[in-house]
Amino acid sequence: MSAFVSTVGAGNRGLLNLKGAGSGPLWPTSAFFDKSLKTVLGSKITNQRLLTRNLKLAAEYDKEKQPSKDKWKGLAFDTSDDQQDITRGKGMVDSLFQAPMGTGTHYAVMSSYDYTSKGLRQYKLDNNMDGFYIASSFMDKVVVHITKNFLQIPNIKVPLILGIWGGKGQGKSFQCELVFAKMGINPIVMSAGELESGNAGEPAKLIRQRYREAADIIKKKGKMCCLFINDLDAGAGRFGGTTQYTVNNQMVNATLMNIADNPTSVQLPGMYNKEENPRVPIIVTGNDFSTLYAPLIRDGRMEKFYWAPTREDRIGVCTGIFGSDDLPREDIVKLVNTFHGQSIDFFGALRARVYDDEVRRWICGVGVENVGKRLVNSKEGPPTLEQPKMTLEKLLEYGNMLVLEQENVKRVRLSDKYLKEAALGDANEDAMKNGSFYGKATQQVNIPVPEDCTNSLAENFHPTARSDDGSCLGHF
C-alpha cells in the first residue's frame, strides 16, 4: 500500500512539474482514459487545487457524446443482474484473478430458474397454425373480459373476476389456454390443490403473491398478464355436510373478495405500505359455482359464464383432435352424433385408446421383461410408434367400450354391496350374460357352457354344470 501511495504521489508531482514547466498535458497519456474523459479532466483541474494538494477529478458522462469505441461506456447504464453476470463472466479472464466456481463472489446464489415464478405458464400454441378450435362465444367472453380490465372506462365498475363454469370434461381450461396463446398472454396459474394447506393462511398469502407477480409482469415487462385459477370450487367450495369448512376456505374467499374490491392496492404479506399496482384480471374455472361463498360470486365482483358447447363447437373441437388422422368430416359428424351425450374430453380419450393396439404390438416385440430397460435410461432413445389407421368402425367400437365402462361405474356400486353383504353384486352380471365370465379360451373354441342345477343340496344337483339355470328342486 505504501508503494502504491508513493507512486501516486510521484504521478501527482510529475503533473505539477509538467504544468509548471508548460511542457505537456495535465493528464497521463494512458490508453485507459478516453479522449472525451481527458477533456473533462483537463477542464476540471485548476492550478490552485493542485498546489493545495486537493486534487479532485470530476468525470461527467454524456451518453450521446460518448464515442462508440469506448469499451467502458456500458458501465454507466448497465441494468443487468449481477448474479447472472458473475456466472456468465466465469472463465472470461485469467483464472489467476478468479475464485474457483462454487466459492467466493463468483458463486451465483440464485440460479436462472429462481428468477422465474413457479406459477408462470408459457403457452406457445397457435390455434390457427396447429388447427385447434376455439369456440366463438368462449373466445368472445374471455377476450372482452381481459380487454375491459385493461381499459380505463370512466364511471363504470368492471368485475375483476370471470368465472367460467360448466360440466366436467368440456374443455374449459384448454379453451382458456388457447385464448391466452392467441392474445400473447403468459398467465400466472394456480390450481385447487394450492388452495388448502396445513398452515393456516398460507393459500391466501399465495394468492396475493401470485397476483403481485402478474402485476409485476405488466408493470416491469410491459406485457399483458392475468391470474388463472383452475377448479376454484374444488378448493374453496362446500359439497354438503361431508366437506370440512376450514380457516383456509374462509381466507381464500375473503382474499379474493378483497382483491376484487381493491384490485390496484394488493399488498404482499407483511407489507403495509400503500403501493399502487396494475390491475390484473382474474379468470377462474369450476363445475358448480353454487358451492362457493355467495358474496364472492355476486355480479360486482365476478362475471359468470356458463360453458355448454353446442353441436358445432363439438364438431369443431373433434376436427382439431382428429386433424392429423385424415378422418373425413362426415365421419367426425357421425361420431359426434353417436356419442352426443359424452363430454369433449371423451373424444380425446377415444383417440388415445386406439393407440392401445400399437403399444401392445411394441410390448410383444421387446418382451414384457424388457419394457423398463427400453423405456427408462435407454441408450436407444424413446421408441417411435406407427400412427394407427383411424376408421369410423374402430372408433365406434372403442367408443362403445368406454361407454360400457362408464355405465359399470354408475351401476355397480361395490361400496354399497360391501357394507351389506359379502358379494360382488352385479359386477359379473354382464360377463355371465355374454359368456365371457368363464375365460376367453372357452369362447375362442366355441365350447358351450353346460347349464343345470349347481346347488349341491338340491335333488337334481348336476356336478358338471358350470352355470345355474334355476331348475334346482328340493327343500334347502
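Select Phe132 to begin: at 28% relative accessibility, this residue counts as partly exposed (buried means under 20% relative accessible area, exposed over 50%, partly exposed in between, with a 1.4 Å probe and protein chains only). The model you have open is predicted, so local features need pLDDT of at least 70 and side-chain atom pairs pLDDT 80 or more, while totals for chains, interfaces and linings use all residues. Residues are numbered from 1 along each chain as its sequence is written, and side-chain values use heavy atoms, with hydrogens and water left out.

A search of the whole structure finds 9 aromatic pairs (rings of Phe, Tyr and Trp, the last by its six-membered ring, pair if their centres lie within 6.5 Å; planes under 30 degrees apart count as stacked, over 60 as edge-to-face and the rest as tilted). The ring centres of Phe132 and Phe174 are 5.4 Å apart and the planes stand at 75°, so this pair is edge-to-face. Phe132 sits in the loop between helix H5 (127-130) and helix H6 (136-150), and Phe174 in helix H7 (residues 172-183), 42 residues apart (helices, H or I with at least four residues, and strands, E with at least two, are DSSP runs numbered from the N terminus).

For another aromatic stop, select Phe138, Phe305 and Trp307, which form one cluster.

Next, show the open sheet of 5 strands, ordered S2-S3-S4-S1-S5 with parallel pairing (two strands pair if DSSP finds at least two bridges between them). Its edge strands, S2 (188-190) and S5 (302-306), each pair on one side only. S2 pairs with strand S3 (residues 227-229) in the parallel sense over 3 bridges, and Met190 stands opposite Ile229 in S3.

Time for charges: the structure holds 12 salt bridges (a side-chain nitrogen of Lys or Arg within 4 Å of a carboxyl oxygen of Asp or Glu). Select Glu303 and Lys141, whose side chains meet in one at 3.2 Å, N to O. Lys141 is partly exposed at 23% relative accessibility.

Last, go to helix H14 (residues 356-366), where Arg361 and Glu358 lie 3 residues apart, about one turn of the helix. Their side chains meet in a salt bridge of 2.8 Å, N to O. Which of the two is buried, and which exposed? Arg361 is exposed, with a relative accessible area of 52%, whereas Glu358 is buried at 15%.
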